[in-house]
Amino acid sequence: LMASVNGFPASFYSEPGVLGLLANGISAFLVLLQNFQTARTGIPAPAVANILAGVHLILIGGVCQMIAGLLSFRKYDHLSGTSFIGYAALWGSYGATRIFLGANQNNPNTNVTLYLNFTLANETSIPSSFKESAIAGLVPYILLSFLLAFCSATVNYIMPFVFGFITLTLVFEAVGLVAGWALVVSGVLELLILLFAIYGSIALLIKGVSQRYVLKGFGNPVFNVLLLGTTNSGSSQSLGQEKKKNTKYAEPMALGFFCDTVSPFIFAFYSFGYFLSMTVGAIWISINSAGLLLSSYYAYLRQDNYHVTKFGLHCTFWLVKTWEEYVISMVTGRTEAAVGKQAMVGDWFFLAAALVLCFVSLNMDTLEVVHNAFFFLLTISTISQIPLDGYYMFFGVMCSLFTAVSLYGTFARLINSIAEKFLIPVGPQPVSTDQLKSGLGCLWKSQQDKPHGNITQLPDALFYLTNGVAALSAIQSSQPYNSFLDLTVPWVLIPGAIIQGYVSRLQIQGGQRFGCIIPSFYVAIWATWTWFRFAGYRLQISTELASGFTVGAVSFLLINVFLMLVAAYGNLVLLALTTIMEVMLVCFLLSTLDRLPYQLEIAMLSIFAIICLYGTLASLVNCIFSKTLLPVGPALIKNNIKKEAAPTAPCPVPISRGTSGLLQIAKLLENNGVCGIPTDTVYALAASCKNPTAIEKIYNIKDRPLEKPICICISSVEQLVAAKPPFSPLLWEFMRNVYPGGISCIVPKGDWLFKLGVGPAYDRVGTKESIMIRVPDHTVTAHLCTITGPLAITSANPSGESDSTHHDMVVNRLGSKLQGVLCDGESNEVVASTVVNCLKIDEGTISIVREGCVPAAKIWQIFEMVKNSML
């Protein structure tokens with residue numbers, strides 16, 4: 001059957017690429033209309049037209065394409081997810097800029113001449129640096145769009161044309177800001193974008209309905225991604241912890257690097273004086289920073305605490321710096337800001353947090369460490385105490401270098417994610433995981449494996465980080481300059497209220513006990529603190545309003561007492577944080593009464609920031625290594641309420657995310673056990689090929705007929721190559737195109753199986769003449785096979801029943817008969833692999849024995865492509 005009663009495999013889900021391509025095409029068409037209208041009449045678009053065009057660009061090119069990108073991430077489509085969200089930021093920025101332009105046109109009927117993102121207007125009606133700001137925003141998207149066009153050529157024929165014409169369009173739009181003739185060329189290119197987008201959408205739509213490729217363009221790449229390089233086996237270990245992460249969502253790292261390319265590029269233009277007002281730049285960077293938050297969110301879904309924190313930190317940094325420069329360019333001016341900045345110390349927390357990221361990434365690949373090191377240097381360049389004459393030059397140089405590293409990182413992460421191999425060099429681990437653990441001190445004594453309240457959860461590091469930035473930024477003297485108060489508003493409001501609201505959302509989704517209460521409450525505290533202490537003089541808060549803040553401060557004090565009680569159920573670090581917050585709220589109360597002892601407040605804010613820095617480090621380290629390596633202290637109040645005893649699992653059920661879980665299952669398999677394991681399709685029963693008797697157990701466990709052979713599972717094609725089976729070049733090429741993935745190939749049996757490691761189980765697997773081989777596209781299964789050698793596997797269900805799509809189904813159905821189940825949550829598919837008989841492949845034919853998660857049409861397409869390439 002093509003699908004089970006429970007649903008459809010991922011290959012049958014709707015195609016978000018249809019929505020993404022159409023959003024690009026329609027957005028280009030909207031721009032085309034105004035370009036041609038302006039070129040034909042010589043009259044620029046009126047303000048209302050610009051505003052309406054901006055709204056449509058935001059809704060269609062921004063929102064619709066963002067939805068397509070989010071769905072693509074959930075379909076494990078690295079390229080489409082990164083591309084659609086990246087272009088959503090581009091069109092959203094265009095739309096917001098158009099709205100800004102329309103709102104600033106003095107007279108819509110005036111024949112003015114300013115080139116801005118496809119239109120003309122008068123320089124006198126808007127800031128003089130408008131054109132330069134737009135160019136600064138366009139150039140990084142030109143580079144990234146070219147990169148996306150190149151990467152998409154490794155996937156299909158249509159997207160390279162769409163992305164390629166977008167690249168050329170952006171080039172001529174940038175030229176059009178200084179030469180009107182270029183807008184005509186841009187309009188022609190936008191028409192081509194529309195045509196190719198329509199064709200691509202139709203092709204994907206028909207493919208989604210018919211489950212086969214009717215129209216050409218998809219399914220065949222322009223060139224094989226493997227031509228870009230060769231897999232570096234040494235680098236394959238460089239992902240370290242990432243190899244154990246959730247693989248149900250596409251990797252967000254490329255998107256994070258993408259967004260980290262745009263923001264510093266715009267800042268480099270600004271710092272070198274190419275434009276003087278941050279008005280338009282703030283729009284572009286703020287929308288781009290939303291992409292970083294989405295990267296952080298998908299890292300959260302992948303249970304990747306490191307990237308949750310990294311992208312959240314970068315988003316906070318760019319937003320804070322953007323709106324600080326907006327205040328400088330539009331409110332205070334640089335001369336006055338130079339005086340106010342001398343008293344600001346919030347930059348130092350960013351510097352310390354960047355250093356923490358450098359440390360915890362030492363056991364990852366070299367690219368990650370280098371990227372973090374340049375971000376650390378970038379934070380040094382933003383220290384407020386640097387004289388203003390050298391500040392912008394230093395900052396501009398570091399932004400340029402950080403842009404270059406981020407651009408390379410985007411390319412490397414995207415290509416390596418698409419190929420599922422390390423084709424673009426990212427470097428080895430600078431420090432091994434064991435060495436990093438040893439560097440943290442005598443840590444092995446604290447392995448009592450996760451006592452309650454000690455292992456921090458995923459969003460905790462970002463929670464501590466946002467509060468640390470807000471607290472250190474809130475430090476002020478008794479008589480601050482007005483410029484200091486203006487500049488401090490974004491430093492406290494953005495991390496303390498806006499980004500912490502995002503943290504609260506994550507903790508709600510994570511289902512933590514009391515998880516969202518503290519960050520949600522602290523959102524209110526920092527927002528109130530900002531408006532009263534820093535924006536109060538501009539809001540001209542009266543005595544009556546100040547008394548209202550006094551009442552609010554008393555309420556905050558009472559609520560925080562309750563939060564201290566909640567923290568006592570957590571750990572000592574959280575309890576210390578809430579306790580210091582209580583003293584800070586006392587200071588806030590005294591400030592509303594104009595009786596604040598500033599020295600006490602400065603001390604409390606400093607201590608609060610130090611606790612937050614330690615909390616960030618401990619949360620990251622403990623969550624990455626799944627052990628309490630840095631103590632956060634026990635819960636002072638134990639929950640003594642008797643709970644109903646949770647049902648005891650009938651067999652060991654380790655978690656797949658940790659190395660310890662893999663090693664535990666591997667040991668059970670080595671000891672003649674049968675275990676349930678996840679694959680890239682559905683759950684399977686596995687037995688080591690070193691233990692023939694364990695394979696015999698599988699037949700009894702699931703009541704499998706003896707005449708049905710069992711296949712073997714290996715970690716990679718390279719493992720098969722090492723055994724040197726006498727396969728024909730056609731069979732080798734076919735297997736390289738279908739492995740790894742949800743396809744099983746039946747091939748001739750032979751003595752080469754002994755070299756593969758199947759020796760003792762030779763007669764227990766396959767038939768006398770043939771053997772079926774699986775190479776799952778699943779990092780957990782690949783790691784397990786690397787540890788144990790080839791495994792004999794079959795679906796983890798009683799014979800005749802539906803496949804198991806969650807580890808709970810395996811435990812409930814067969815747990816009492818198994819020695820263990822490796823828990824990995826919901827499976828990626830709901831049906832098993834597609835089985836292809838390759839015994840007669842040298843005669844130019846194959847046959848589909850069982851159609852599973854990969855459609856037969858796709859198999860035939862791959863086979864025809866391989867045959868044609870061998871001619």
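Is F375 buried or exposed, and what is its relative accessible area? In this predicted model, F375 has a relative accessible area of 1% and is therefore buried, since the cut-off for that label is under 20%.

The aromatic pairs of the model number 40. One of them joins Y141 and F258, whose ring centres are 6.1 Å apart and whose planes meet at 55°, so the pair is tilted. This pair links distant parts of the chain, with Y141 in helix α4 and F258 in helix α7 (residues 253-271), 117 residues apart. Both Y141 and F258 are buried. F375 takes part in another such pair, with F317; here the arrangement is edge-to-face, with 5.2 Å from centre to centre and 75° between the planes. Distant parts of the chain are again linked, as F317 belongs to helix α9 and F375 to helix α12 (residues 366-381), 58 residues apart. F317 has a relative accessibility of 0% and so counts as buried. F317 and F375 also belong to one aromatic cluster, whose members include F267, Y270, W318, F402 and W491.

H314 sits in helix α9 (residues 305-332), and because its relative accessibility is 0%, H314 counts as buried. Leaving out residues up to four places away in sequence, H314 touches D260, L292, H371, F375 and F402. With D260 the link is a polar contact between the two side chains, at 2.6 Å.

The side chain of Q34 makes a polar contact of 2.3 Å with the side chain of R98.

For L577, the contacts beyond its neighbours within four places in sequence are F463, Y464, Y522, F608, I611 and C612.

The strands complete the picture. Nine of them form an open sheet with mixed pairing, in the order β7-β1-β2-β6-β3-β5-β4-β8-β9. At the edges are β7 (820-821) and β9 (847-850), each of which pairs on one side only. Strands of a sheet pair through backbone hydrogen bonds, in either a parallel or an antiparallel sense. For β1 (residues 674-677) and β7, the sense is parallel, over two bridges, and G676 has V821 in β7 as its bridge partner.

Helices lie across this sheet. Helix α22 (residues 659-670) lies across β1, β2 (684-688), β6 (791-795) and β7, and runs at about 145° to β1. Helix α27 (residues 779-788) lies across β1, β2, β3 (711-713) and β6, running at about 145° to β6.

How values were computed. Residues numbered from 1 in each chain as written. Predicted model: local features only at pLDDT ≥ 70, side-chain atom pairs only at ≥ 80, totals over all residues. Heavy atoms only, no water. Pairing = 2+ DSSP bridges. Helix = DSSP H or I, 4+ residues; strand = E, 2+ residues; numbered from the N terminus. Contact = heavy atoms within 4.5 Å. Axes fitted to C-alpha atoms, helices over the stretch in contact; angles between N-to-C directions. Buried < 20%, exposed > 50% of the residue type's maximum accessible area, 1.4 Å probe, protein only. Polar contact = N/O pair within 3.5 Å; in protein donor to acceptor, adjacent residues only side chain to side chain. Phe/Tyr/Trp six-rings, centres within 6.5 Å; stacked < 30°, edge-to-face > 60°.
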